[in-house]
2 protein chains.
Amino acid sequence: MPPLLSVFNQNLVPMDSRRNFLQKITLGSGLASLAPTLLSATPAADARQKPARKLRVAIMGLGSYGNRVAKAMKDCKSAELVGIVTGSPEKIPVWQKEYGIPDKNVYNYETVGQMKNNPDIDVVYIITPNSLHHTHTLQVAAAGKHVICEKPMADTAANARKMMAACEKAGVKLLIGYRLHFEPYTRKVIGMIQAGEMGKLNYIDNYQGFKIGDPTQWRLKKSLAGGGALMDVGVYCLNAARYLANEEPIWVTAQETKTDPVKFAEVDETIQFQLGFPSGLVASCATTYNFNFERLYAHGTKGFAEMSPAYGYGPLKGRTHKGPLDEPIVTHQTVQMDGMADIILNNKTLNPPVDGQEGLNDMIVLDAIYKSIRDGGRKVILNE
Amino acid sequence: MPPLLSVFNQNLVPMDSRRNFLQKITLGSGLASLAPTLLSATPAADARQKPARKLRVAIMGLGSYGNRVAKAMKDCKSAELVGIVTGSPEKIPVWQKEYGIPDKNVYNYETVGQMKNNPDIDVVYIITPNSLHHTHTLQVAAAGKHVICEKPMADTAANARKMMAACEKAGVKLLIGYRLHFEPYTRKVIGMIQAGEMGKLNYIDNYQGFKIGDPTQWRLKKSLAGGGALMDVGVYCLNAARYLANEEPIWVTAQETKTDPVKFAEVDETIQFQLGFPSGLVASCATTYNFNFERLYAHGTKGFAEMSPAYGYGPLKGRTHKGPLDEPIVTHQTVQMDGMADIILNNKTLNPPVDGQEGLNDMIVLDAIYKSIRDGGRKVILNE
């Protein structure tokens, strides 16, 4: 088994020199408390070396996915869980005990602004319902902390833009929780495509869905989820279509099907959507809350890649025209958080990126998908 | 390897009794010359027994697919090639020699009406460019011969309806060349679905395309082909969606992409289309003349079926949730023509059918696909 980080590191390239990064954060506003946090190192550290310490993360939203991220971070080399933000007081002692979180790093949604005065937290990972990502990002940015926001970035592209503006203004980084951008099978496929091994891509065929359980959960409430299956899991198919294509779509069409108008009174159940790209590449995608299915497929003039499962927490499985994929099996959130630590602490960048623009690009298409559905399937032209 | 016919015969059920069939053709018009042909048997034959002789077939259109069918018929048990209709005089001696065709069974497009006076031909298999199917079917029906018409049935649903009316009026059968309805892998999958082994179907994902060669061929001329990839190979995906679904679609959407407006000046290059069915089942399909791809996929609550290749001349390959498909490898056109002989001579029917209504049902959707494209992807509601 090859070393885990080799797969990831080959795609991490330094974007700015450390010097530029220093200039950038010096020029940023509201960073008085952040700069020492970000740049502190042991007193003896050479200024040209990487900061030796770990990225110090607070998780906002202690639901099932927050739990998963927290557990995965136990194995991180470059990131550590140091704080929590929660509206559920009963969860506080449980998390404090499990993760050794000190009282001073415990916040609720009213006190999160006070994090500004806490130099021991670098970044807040927002894992709250989709429609709250916007408000919570603004809160965290106002507290001068970097933001990792779970996908989908927001409920609308307009809110995504406000999130980017707020982080820009606060001089903090904004990352979106695209864990698959760090996942070895996915990176292998992306790497093969970018190296030209598939030739010119012609067709992408992605779908993911699952049969949703508890009818009272927030995912079925429009005010919290922003949408249904499309927002929650369809975004994987969309994001994958974009990172496989390596270009941005120029048109979108979409169709909705609802078999259970009671359970899915507020949000979408099953959506098919299609994307057209400048090269002539087209993508057919589908997503649902009504049954389990999952596939990533990229077809090129010289080869193909297929993964199924392709989007879950793993192990993933797949093959290309060269044979079965055989990549390291990792805990996705562990490699994600180590990678994000490198991006935040060392100013690395990733291709495809996990920044706010990447999130916004998905949100623009999600908006267009809903628009096409409202327009009876009519083609929505995307202007960038 | 199980006997070839077992796969096929289990799906052939007698529709009418022989008595009803006799009544039907007695009531038909213009059948004076047909009845003895159809019903002749050895003098000693019991009237309740099947006619012992083979179906006597003339092929109209001696292009590459006509050749393929003719060769395949050499192995037929119930059908034989006895005549030809061609506009290429130079092909006549070649075919006469190869297939032992007597002069009296050789026709051209001007003389085909004289076939009325030839009791030695039962049926004409029309394998001419798509846009000519309509005219040729009317000619053959007027000559009192049964018709097998290659898919797509016609260039429009309106012409398909005229073909049905003409055959109905002439009292002849009209079959469409849906060879896969007779093909063991396909029949196995259909059988499993109809037996409930996949549970309730939720999603169908079919695509087929190939990179078309010679830019001067009739398939690229609208006046002959009626359309492009959709008419030629997209119809496989559509027809498969319908026979997998076992219900008729209630809406259609479609999108077209053209990367080579010169080569594809007259016909469609790449089309994606989506179907919605009454049960909530949806299908995503795609077809192209610009690259090679091929898949049939049916996803149900209890299992799935996948074939790739799924639509070509074989050998096909596939798997279900139970494991790899392992069906008899046959020459598709051989089993098709034996099966069609049974339908025509013994009045059997097949489920899914290969009759004019089956062809028309595809044509209605093809019309709707082109309409949706003209309407920018808008949903076309199908009223049946």
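A residue is called buried if 20 or more other C-beta atoms, placed from the backbone, lie within 10 Å of its own, exposed if 12 or fewer do, and partly exposed in between. The structure is a predicted model, in which local features need pLDDT of at least 70 and side-chain atom pairs count only at pLDDT 80 or more, while totals for chains, interfaces and linings use all residues. Residues are numbered from 1 along each chain as its sequence is written, and chains are lettered from A and ligands numbered from 1 in the order in which they are written.

Helices (H or I, at least four residues) and strands (E, at least two) are DSSP runs, numbered from the N terminus. In helix H6 of chain A (residues 133–142), seven of the 10 residues are buried, so this helix is largely enclosed by the rest of the structure. The buried positions are His133(A), His134(A), His136(A), Thr137(A), Gln139(A), Val140(A) and Ala141(A). These residues pack against strands E2 (55–60), E5 (123–126) and E6 (146–149) and helix H7 (157–170) of chain A, contact being counted where C-beta atoms, placed from the backbone, lie within 7 Å. Just after H6(A), Gly144(A) adopts a positive phi of about 75°.

Between the two chains, 24 residues of chain A are in contact with 24 residues of chain B. On the side of chain A that touches chain B, two or more residues each come from strands E8 (201–209), E9 (251–257), E10 (270–276), E11 (282–288) and E12 (293–300) of chain A, and E10(A) gives the most, with four residues.
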